[in-house]
Structure formats: C-alpha cells, structure tokens
Amino acid sequence: MGIYHAGSLAVQEEMGVRDRADHVGRSLGQGIKPVAAAFLEMQPLLVVGAADPESGRVWASALTGAPGFVRATGPRQMSVMTNTGHDSRPEGARGGVRHAAAAAWARATTDHPHPNDGLLLTDPLAAALKTPGTHLGTIALDPRTRRRMRLNGRLRPTARGFAVVADQVFSNCPKYIQRREAYETVGGRTPGTARRTNRLSSTAAELVQAADTFFLATVHSGGADVSHRGGNPGFVRATSPHELTWVDYPGNAMFLTLGNLRTDPRAGVLFLDWESGTTLQLTGEAHTEFGPGGERTVRFAVTEVLERAEALPLRWSAPQYSPANP
C-alpha cells in the first residue's frame with residue numbers, strides 16, 4: 001500500500017492539496033531515527049488507539065510510566081512496558097544488550113506496581129493490547145517542548161507489555177499544542193472506579209467544554225492512527241449528551257484522520273484533565289461536514305462513555321496556549 005489510502009486521497013483531492021500532501025508525505029517512514037528514539041525515552045505519557053477485537057468499537061487510551069517505559073528496541077520497533085514482572089528489560093534489550101540501554105530501562109522499573117497495572121484490566125483496549133497483530137496507532141506528545149511523534153503499526157504482546165512493529169513513523173509541527181512547562185508524578189493517587197454510560201454526564205460535558213486538547217483514534221482497513229486536536233477552551237463543544245462537534249483546523253494536508261473517517265466512521269476520543277489526572281474516553285462514529293472556503297466541521301456521535309477520576313498519576317503545570325490557536 002502507498003503512503004495514502006483511498007480515503008485520504010479523496011479528501012486531499014476535495015481540498016485541492018494533493019501536491020502538498022505528496023511533498024509532506026515524504027516525511028513518513030518506517031524507521032525510528034535516533035532523534036525519535038531519544039524523544040520516546042523522555043516521555044511519561046503515550047496515547048494509543050485501536051479497535052476492540054470483541055466489539056469492534058474504536059477507543060483511545062492513555063498509558064503512563066517513568067521516562068523509559070516507552071523506548072525504541074529496534075530500527076522499526078517500539079516497546080512499551082505496561083505491567084510489572086521479573087525481567088524489566090524489553091524484548092530486544094535482553095542478552096547482548098548495551099549497558100546504557102539496560103540501565104535506562106531499569107530506571108523505568110521499581111518494586112512498586114506499574115501505573116498501568118490494574119488500570120488496563122478495565123480499560124476498553126485491554127483485549128486489543130494483548131492480541132497479536134492488532135493494528136495500533138500511537139502518539140507521544142510532549143507539552144514541555146510542543147513536540148509530538150506518531151508511530152503506527154502492528155502489535156506483538158511481550159512479557160512486560162507489548163511491542164509495535166512500525167508501518168508509519170513521523171513527527172508533526174507544534175501547531176495547536178499548548179505548552180506546559182513541567183509535570184510531577186503524584187504519589188498515592190488511586191484511579192477511581194470506571195463509570196460506563198451511553199451519554200455524557202454533566203461533569204463530562206464540563207471537562208469537554210474546558211478542554212484545550214484531546215486525542216482522536218481512527219482506523220482503516222490497513223491500520224490505525226491517533227492524532228492530536230488542540231485549541232483554546234471551547235474549541236470542542238458538547239452539543240448534547242450524545243454529540244461533540246469541533247472545527248477541524250488547517251494542518252499538514254495529509255488528512256490521515258479525515259481520510260480514515262471517509263472510509264470508516266468509527267472513532268475514539270480521549271480527554272485528559274492535565275491537573276487531576278481524570279480521563280474521559282468516548283467511542284462512537286464521526287462524520288465531516290465540508291463548508292465553503294475549505295472549512296470543516298466534525299460531528300462525533302457518542303455510543304459509549306467511560307469516565308475515571310484520577311486515572312493518571314501525572315499533574316501538569318498550567319497551559320500557555322499555542323499562538324497558532326484561532
């Protein structure tokens with residue numbers, strides 16, 4: 001398959017950006033470059049997206065850990081530690097391993113339960129993250145530097161979590177990323193009980209309305225992807241307990257997300273409260289409305305909602321809004 005599938009190509013044609021998309025598409029590769037590997041090792045947060053193999057519903061989920069819990073373990077492989085166990089080294093870092101790599105991975109391991117232990121037992125992607133061959137989209141976003149990196153591929157379970165063999169690896173520009181200068185890991189924060197409903201509660205709607213960032217998981221016949229959406233609070237709206245809407249701001253012209261939605265409307269949305277660690281996960285279907293002048297509005301119909309208070313142990317500093325925000 002080429003860089004773009006039929007859905008993305010159709011949207012690019014409609015928006016008149018095929019030449020630009022071809023140029024930008026040259027940045028997509030399968031290899032993890034040294035600068036990308038170094039970036040991954042510094043991150044305490046990774047967002048993943050996939051379709052649940054049992055229900056077919058698409059979700060986005062957040063994984064956290066000490067820097068080093070995500071790392072490149074091969075030219076095309078990223079390993080993620082999601083649970084505790086006897087051998088803390090990722091597959092690819094055992095046997096004849098460089099001492100520095102072993103030490104870095106060891107720093108991500110303690111005798112305490114991993115932040116993802118227990119949380120993944122009830123996460124809607126728990127089954128997907130244990131199923132060989134799962135199409136998985138991932139994004140590592142660093143608010144401190146306003147950088148993001150996406151890696152999409154096929155999952156392979158490992159003793160300590162999972163590995164992803166990359167089909168696509170690329171970085172995005174810092175547009176619409178809010179800068180947060182620092183974070184801390186809050187000791188003793190215990191994830192609350194997951195609340196599953198088929199509609200947005202008043203507290204969930206308030207989180208949406210106050211959000212400056214969310215993550216959007218989409219799929220197509222040959223893969224999965226997670227993208228970032230950002231703006232000033234109010235850029236995404238809960239128009240009812242069953243629907244979200246947002247304007248799709250101008251981006252890199254690849255239209256990977258809208259292209260996926262053109263061929264498969266299933267989608268998952270993840271909101272984070274960057275201070276309290278509360279997460280809001282939604283699954284449903286999304287459709288794009290194209291207006292004059294290239295304006296695009298996405299409408300997301302909610303099928304299922306999962307709210308969890310204090311789900312993540314991270315507390316980030318207050319945002320400095322991106323100068324690119326409309």
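Helix 6 (residues 256-263) is mostly covered, with six of its eight residues buried (under 20% relative accessible area, 1.4 Å probe, protein chains only). The model is predicted: local features need pLDDT of at least 70, side-chain atom pairs count only at pLDDT 80 or more, and totals for chains, interfaces and linings use all residues. Residues are numbered from 1 along each chain as its sequence is written, and side-chain values use heavy atoms, without hydrogens and water.

**Helix 6 and helix 1**
- The buried residues of helix 6 are Leu256, Thr257, Leu258, Gly259, Asn260 and Leu261; helices are DSSP runs (H or I, at least four residues) numbered from the N terminus.
- Helix 1 (residues 6-15) and helix 6 have axes that come within 7 Å and cross at roughly 115°, the axes being lines fitted to C-alpha atoms over the stretch in contact, with angles from 0 to 180 degrees between N-to-C directions.
- Helix 1 is therefore roughly perpendicular to helix 6 (65 to 115 degrees).
- Gly7, Ser8, Ala10, Val11 and Glu14 of helix 1 make the contact with Leu256, Leu258, Gly259, Arg262 and Thr263 of helix 6 (heavy atoms within 4.5 Å).

**Aspartate 142**
- Aspartate 142 lies in strand 5 (residues 135-142), a strand being a DSSP run of E with at least two residues.
- With a relative accessible area of 2%, aspartate 142 is buried.
- Beyond its neighbours within four places in sequence, aspartate 142 contacts Phe39, Gln43 and Arg147.

**Confidence**
- Average pLDDT (the predictor's confidence in each residue, from 0 to 100) is 89, and 88% of the residues score at least 70.
- Over residues 85-112 pLDDT stays under 50, and the model has 43 contacts beyond four places in sequence for them.
- Where pLDDT is low, predicted coordinates should not be read in detail.

Technical notes
Parallel < 35°, antiparallel > 145°, perpendicular 65-115°, else oblique. Buried < 20%, exposed > 50% of the residue type's maximum accessible area, 1.4 Å probe, protein only.
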